[in-house]
Amino acid sequence: MASSFKINEKIYNKLLELLNDAYFIDSKGNINDFQFYHDDHWLSDSAVIDNLVYKKGEWNIELIFALHNNPLKFIKRQIVSYSCSKKANLSASLMRRMAAKDQRGTLEVKAEDFKICHN
């Protein structure tokens with residue numbers, strides 16, 4: 001059976017040139033490029049915020065770990081999904097309390113910490 005797909009010869013040659021150039025341009029990253037993976041000691045002093053997102057018929061539980069004295073330094077992770085909003089809400093609060101260093105919730109991030117100018 002003959003193929004019905006045809007490609008212009010100029011486009012094909014250009015594609016081969018780009019693939020060849022990518023071999024010489026791309027390079028491996030340094031270990032310093034991945035240093036943020038190893039610098040996770042700040043997570044021990046972070047505030048944990050639970051976030052429920054309704055997407056495609058499910059309630060996704062996301063936990064946000066934010067440094068309480070620098071709230072722009074944060075990590076957001078999706079943990080699990082539930083079909084029932086009550087189960088998702090209960091599980092989110094339990095997961096937040098379990099993940100937080102301070103389970104009483106005294107480490108928190110406030111909107112005033114962002115110093116937003118409304119001009």
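N60 is buried, with a relative accessible area of 7%; buried denotes under 20% relative accessible area, exposed over 50% and partly exposed in between, with a 1.4 Å probe and protein chains only. The model is predicted, so local features need pLDDT of at least 70 and side-chain atom pairs count only at pLDDT 80 or more, while totals for chains, interfaces and linings use all residues. Residues are numbered from 1 along each chain as its sequence is written, and side-chain values use heavy atoms, without hydrogens and water.

N60 lies in strand β2. Helices (H or I, at least four residues) and strands (E, at least two) are DSSP runs numbered from the N terminus. Contact means heavy atoms within 4.5 Å; leaving aside neighbours within four places in sequence, N60 is in contact with N51, L52, V53, K55, Q78, V80 and S81. Its side chain also makes the polar contacts tabulated below, a polar contact being a pair of N or O atoms within 3.5 Å, where within protein one must be able to donate a hydrogen and the other to accept it, and residues adjacent in sequence count only if both atoms are side-chain atoms.

| Side chain | Partner side chain | Distance |
|---|---|---|
| N60 | Q78 | 3.4 Å |
| N60 | S81 | 2.4 Å |

The open sheet has 3 strands in the order β1-β2-β3, with antiparallel pairing; two strands pair if DSSP finds at least two bridges between them. The edge strands, β1 (46–55) and β3 (70–82), each pair on one side only. β1 and β2 (residues 58–67) are joined in the antiparallel sense over 10 bridges, and S46 has L67 in β2 as its bridge partner.
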